[in-house]
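Student: Could we go through this structure together, one element at a time? I would like to begin with a helix.

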Amino acid sequence: MPRFDLPLEELRRYRPELPEPDDFDAFWEKTLLEARQHELDARFEPVDLPLTGVRVLDVTYTGFGGHPVKGWLVLPAGAEGPLPAVVEYIGYGGGRGLPHMHLLWAAAGYAHLVMDTRGQGSGGWAQGDTPDPVGSAPAHPGFMTRGIEDPHDYYYRRLYVDAVRAVEAVRAHPLVDASRVAAIGNSQGGGLALAVGGLVPDLAAIAPDVPFLCDFPRATTLTDRYPYKEIGAYLKARRGGQERVFQTLSYFDCVHFAARGRAPALFSTALEDQTCPPSTVFAAHNAYAGRERSMEVYAFNDHEGGGPYQQGVQLRWLAGHLTG
């Protein structure tokens, strides 16, 4: 596949001037304050599985709007704690899947919470178990335009809150060391890790891989792949709505959350990625406020990015931040 984005030397300097709402911080402070009016009520139910190396707990906690959110907590068998923890967010269209799909981090000695993604998980690759009980005005099929006319109604407002509460849920487990929690994810999950990094000030580390939800103005005009294309398809039918839509998206652009992140951060991107173009990933990386940030670049990969190679990098990198 030919390169379609900026050359690597320009990517390393790319810093778009993205409009940020004047009330960005106030919006999110109020959003989280409202969410925390509901008790977290984190529950961990044992799951009987023929797995000898790990112990699995079925997690339920209270997310946005008091809605129950599901997850898996996978623990090393026989662990007594306190354990460092990895909170993982799932890519677009996927849910938490089945417990045996998530064994890597427990095998490395971490408590591993996998957050289910509300309303998603029917795309055929990882089932979900968390409904999204909130309706929306007419939207293009998918999740990108649900409630997009108003930031208070936008789907990702609910999902970002769920992601923050997932960190609070894992910290509520008695085997977890609350001071050693990292947020990771791939694609949509990487965007959620970035958002959480900007909203939770005391994370030990974040590791967003080929993150989605970054630099919306460029992403929606550079690539014709879904999910970003959902926004263009919506505006194709709603001529004249561009200003209002991008005003909403500005509250959810992970470049703005990156500018507030402080935890050590390990990014990754792929130079042939037409789903989450590398310039949009570098926009978040280059805006990142934390003193420690790094980028793994996969020169000849599309949206699969580094895959298991990047997991190997993460294993070594997180060991230095969570267990060192």
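Student: Which residues of α2 are buried?

Tutor: This is a predicted model. In α2, the buried residues are Phe-24, Phe-27, Trp-28, Thr-31, Leu-32 and Ala-35. Seen down the axis of α2, these residues fall within an arc of 120°, so they line one face of the helix.

Student: And which residues are exposed on the other side of α2?

Tutor: Glu-29, Lys-30 and Leu-33 are exposed there.

Student: What covers the buried residues of α2?

Tutor: The cover includes α4 (155–171), α5 (188–199) and α9 (254–258).

Student: What span should α2 have, and how far apart are its end C-alpha atoms?

Tutor: Helix α2 has 12 residues, 24–35, and at 1.5 Å a residue it should span 16 Å. Its end C-alpha atoms are 17 Å apart, which agrees with that expectation.

Student: Turning to α4 and α5, at what angle do their axes cross?

Tutor: Two packed helices are described by the angle between their axes and the distance between the axes. The axes of α4 and α5 cross at roughly 70° and come within 9 Å. That angle makes α4 roughly perpendicular to α5, since angles of 65 to 115 degrees count as such.

Student: Is that crossing left-handed or right-handed?

Tutor: The crossing of α4 and α5 is right-handed.

Student: Which residues make the contact?

Tutor: From α4, the contact uses Tyr-156, Leu-159, Tyr-160, Ala-163, Val-164 and Val-167. From α5, Gln-188, Leu-192, Ala-195, Val-196 and Leu-199 take part.

Student: A change of topic: the backbone. Which residues does a cis peptide bond join?

Tutor: A cis peptide bond joins Tyr-226 and Pro-227, with omega of about 10°. Pro-227 is in the loop between α6 (216–222) and α7 (228–237).

Student: What about phi at Asp-41?

Tutor: Asp-41 has a positive phi of about 50°, although it is not a glycine. Asp-41 lies in the loop between α2 and β1 (43–47).

Student: And what is phi at Ser-187?

Tutor: Ser-187 is not a glycine either, and its phi is positive, at about 60°. Ser-187 sits in the loop between β6 (176–186) and α5.

Student: Is Ser-187 buried or exposed?

Tutor: Ser-187 counts as buried, because its relative accessibility is 8% and the cut-off for buried is under 20%.

Student: How does Asp-41 stand on that scale?

Tutor: Asp-41 is partly exposed, with a relative accessible area of 42%.

How values were computed:
Residues numbered from 1 in each chain as written. Predicted model: local features only at pLDDT ≥ 70, side-chain atom pairs only at ≥ 80, totals over all residues. Heavy atoms only, no water. Helix = DSSP H or I, 4+ residues; strand = E, 2+ residues; numbered from the N terminus. Expected span 1.5 Å × (residues − 1). Buried < 20%, exposed > 50% of the residue type's maximum accessible area, 1.4 Å probe, protein only. Arc of directions from axis to C-beta. Contact = heavy atoms within 4.5 Å. Axes fitted to C-alpha atoms, helices over the stretch in contact; angles between N-to-C directions. Parallel < 35°, antiparallel > 145°, perpendicular 65-115°, else oblique. Left-handed = near helix turned anticlockwise from the far one by under 90°.
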